[in-house]
Amino acid sequence: MNRKVWMASSIHKGEEKVMLGVHNALKQIHPDIITIIVPRHPQHGKQIALELEKDGVRVALRSRHDKLMPGTNIYVVDTLGELQKFYILTPIAVIGGSFLPGSAGHNISEAAAAGCAILTGPYIGHFSHMATQMQRLNPLSVLQVPGHILVEALSNLLSDAQLLEERQEAAKQAYHALSCGITENVWSFLDFHIFRIALANEDCP
């Protein structure tokens with residue numbers, strides 16, 4: 001399949017308007033594009049599909065086992081436990097829960113581990129620490145943009161295979177470097193305490 005693909009994951013109520021607006025704009029550039037929408041709550045996915053179908057938009061809904069047919073550009077995942085599977089299938093992940101004021105973001109590690117080019121909104125709460133650490137390791141690993149810049153950012157990635165590959169690789173490498181650092185810190189911490197306990201036991205009569 002040579003169709004352009006991107007995914008909006010863990011989106012909250014209200015953010016579907018942002019993502020569908022982005023989809024419509026991208027469709028003008030890439031008529032055969034596929035937008036995968038994965039709401040934070042499955043029932044929200046059913047509501048999105050129903051509203052789109054009322055407007056005459058053809059939608060494939062995961063819970064109905066719909067197939068992506070020619071002329072269908074939106075795939076809504078309204079099931080639980082499949083996010084990682086779709087991260088593996090898509091080259092670009094826009095992480096929701098981050099585009100509306102008062103939002104607090106979502107974990108970007110799953111998308112990074114799967115090798116997605118990662119985009120997130122400006123409202124990411126305590127996940128900003130992870131994003132900052134990854135960006136320090138590789139500035140291309142996470143792209144943080146407001147909703148009105150999302151079309152331009154995605155269009156650049158969809159139109160430039162080299163840039164897309166660089167951002168995918170950067171996210172994966174930064175995540176693994178960060179994960180290894182955490183693991184090493186944990187082992188260093190454990191080694192220190194084990195060593196201290198061993199010394200304490202040697203001092204016992």
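Helices (H or I, at least four residues) and strands (E, at least two) are DSSP runs, numbered from the N terminus. This is a predicted model, in which local features need pLDDT of at least 70, side-chain atom pairs count only at pLDDT 80 or more, and totals for chains, interfaces and linings use all residues. Residues are numbered from 1 along each chain as its sequence is written, and side-chain values use heavy atoms, leaving out hydrogens and water.

**View 1. Gly14, in the loop between E1 and H1.** Gly14 is partly exposed, because its relative accessible area is 25% (buried means under 20%, exposed over 50%, partly exposed in between, with a 1.4 Å probe and protein chains only). Phe99 is 85 residues from Gly14 along the chain, yet 9.2 Å separates their C-alpha atoms.

**View 2. The packing of helix H1 (residues 15-29) with helix H6 (residues 150-159).** The two helices meet at an angle of about 45 degrees, and their axes are 10 Å apart (axes are lines fitted to C-alpha atoms, for helices over the stretch in contact, and angles run from 0 to 180 degrees between N-to-C directions). H1 and H6 are therefore oblique to each other; angles under 35 degrees count as roughly parallel, over 145 as roughly antiparallel, 65 to 115 as roughly perpendicular and the rest as oblique. On the H1 side, the contact (heavy atoms within 4.5 Å) is made by Met19, Val22, Ala25, Leu26 and Ile29. H6 brings Leu150, Val151, Leu154, Ser155 and Leu158.

**View 3. The largest nonpolar core, with 28 residues.** Such a core is a set of buried Ala, Val, Leu, Ile, Met, Phe, Trp, Tyr and Cys residues joined through side-chain atoms within 4.5 Å. The residues with the most contacts inside this one are Trp6, Met19, Ile92, Val94, Leu119, Leu150 and Leu154. Elements that give two or more residues to it include strand E1 (5-11), helix H2 (42-54) and strand E5 (92-95). H6 supplies the largest share, five residues. Another core, of 25 residues, lies apart from this one, and among its members are Ile34, Phe86, Ile108 and Ile118.

**View 4. The surroundings of Ile92.** Leaving aside residues up to four places away in sequence, Ile92 touches Val5, Trp6, Met7, Ala117, Leu119, Leu154, Leu157, Leu158 and Leu164.

**View 5. The chain as a whole, with seven helices and seven strands.** Along the sequence, the pattern reads β-α-β-α-β-β-α-β-α-β-α-β-α-α. Of the 205 residues in the chain, 40% are buried.
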